[in-house]
Amino acid sequence: MPTSSASATDSAKPAAASGGVQSLERAFDLLERMADAGGEVGLSELSASSGLPLPTIHRLMRTLVACGYVRQQPNRRYALGPRLIRLGESASRLLGTWARPYLARLVEETGETANMALLDGDEIVYVAQVPSKHSMRMFTEVGRRVLPHSTGVGKALLAHTPADEVRALLARTGMPAATDKTITTPEGFLDALAVVRDAGYAVDDNEQEIGVRCLAVSVPDSPTAAAISISGPAGRVTEAATEKIVPLLLEVARELSTALANPAGNGQV
């Protein structure tokens with residue numbers, strides 16, 4: 001799961017001395033601290049976590065409220081505002097664009113289709129794909145939404161989520177069977193997540209589509225929960241192939257994580 005974004009912001013604070021705008025950096029730091037706190041906080045909490053004086057925080061929050069990025073609740077606490085939704089949706093779409101070169105490397109080295117998926121609410125949404133050169137067509141495509149219990153990326157994304165939260169998600173979505181291999185009980189799915197934690201990767205073995213196997217890993221420290229995967233015919237994505245593909249998946253996931261954490265992206269500011 002992603003680490004605290006506030007701690008990442010702390011390490012970036014010296015940027016103000018090298019040309020950054022301090023008030024802007026502080027405003028984004030407060031937004032990230034609000035997100036880490038669940039989206040709603042009081043000024044005293046922000047002051048305690050950020051070390052900024054209350055008058056400074058109040059001035060910044062007043063500006064964020066005026067812009068629609070923060071809302072003041074009836075209880076006088078502050079919550080993340082609706083204008084952030086559009087920014088987040090646009091950034092999520094770009095996340096797939098940024099991932100494509102890394103997915104292309106997976107396809108080049110494995111010969112199978114590579115995917116990137118996010119956890120959006122209770123669903124998995126595929127945001128990027130580089131198809132295999134083989135002619136076989138699979139269910140995955142950009143924009144498709146599926147339930148997490150029947151996918152490798154779903155297992156990878158939920159592997160470190162507390163069990164009570166996983167149970168609550170499964171209660172909301174149900175666990176319909178896509179194939180006769182689909183896990184359809186909460187206990188069975190929690191057992192599968194324990195296997196993922198031990199192995200470091202997830203497998204969808206004919207659980208979403210008969211004849212297709214998928215290997216997936218989460219992208220560490222991603223700004224939003226993300227996973228990448230390789231999908232292909234079960235006759236090619238065998239146990240022997242898994243031993244070669246998984247180390248590559250983990251390596252590419254780490255490289256993608258590093259690229260996403262680079263504030264300047266691939267260029268210079």
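Asp-221 counts as partly exposed, at 45% relative accessibility; buried means under 20% relative accessible area, exposed over 50%, and partly exposed in between (1.4 Å probe, protein chains only). Asp-221 lies in the loop between S8 and strand S9 (226-233). Its phi is near 55°, a positive value in a residue other than glycine.

This is a predicted model, where local features need pLDDT of at least 70, side-chain atom pairs count only at pLDDT 80 or more, and totals for chains, interfaces and linings use all residues. Residues are numbered from 1 along each chain as its sequence is written, and side-chain values use heavy atoms, with hydrogens and water left out.

- Asn-206 sits in the loop between strand S7 (202-205) and strand S8 (212-218); strands (E, at least two residues) and helices (H or I, at least four) are DSSP runs, numbered from the N terminus.
- Asn-206 is not a glycine, yet has a positive phi of about 65°.
- Asn-206 is buried, at 13% relative accessibility.
- Lys-181 belongs to the loop between helix H7 (163-173) and helix H8 (186-199).
- Beyond its neighbours within four places in sequence, Lys-181 is in contact with Asp-205, Asn-206, Glu-207 and Ile-210; contact means heavy atoms within 4.5 Å.

**Helix H2 against helix H3**

- The axes of H2 (residues 22-36) and H3 (residues 43-50) come within 11 Å and cross at roughly 110°. Axes are lines fitted to C-alpha atoms, for helices over the stretch in contact, and angles run from 0 to 180 degrees between N-to-C directions.
- H2 and H3 are therefore roughly perpendicular; that term covers 65 to 115 degrees, with under 35 roughly parallel, over 145 roughly antiparallel and the rest oblique.
- Asp-29, Leu-30, Arg-33 and Met-34 of H2 meet Leu-46, Ser-49 and Ser-50 of H3.

**Helix H2 against helix H4**

- The axes of H2 and H4 (residues 54-67) come within 10 Å and cross at roughly 85°.
- H2 and H4 are therefore also roughly perpendicular to each other.
- H2 contributes Ser-23, Arg-26, Ala-27, Leu-30, Leu-31 and Met-34; H4 contributes Thr-56, Ile-57, Leu-60, Met-61 and Leu-64.

**Ser-50**

- Ser-50 is in helix H3.
- Ser-50 is buried, with a relative accessible area of 12%.
- Its side chain reaches the backbone oxygen of Leu-46 at 2.7 Å.
- A polar atom of the Ser-50 side chain lies 3.2 Å from the backbone nitrogen of Leu-52.

Key:
Polar contact = N/O pair within 3.5 Å; in protein donor to acceptor, adjacent residues only side chain to side chain.
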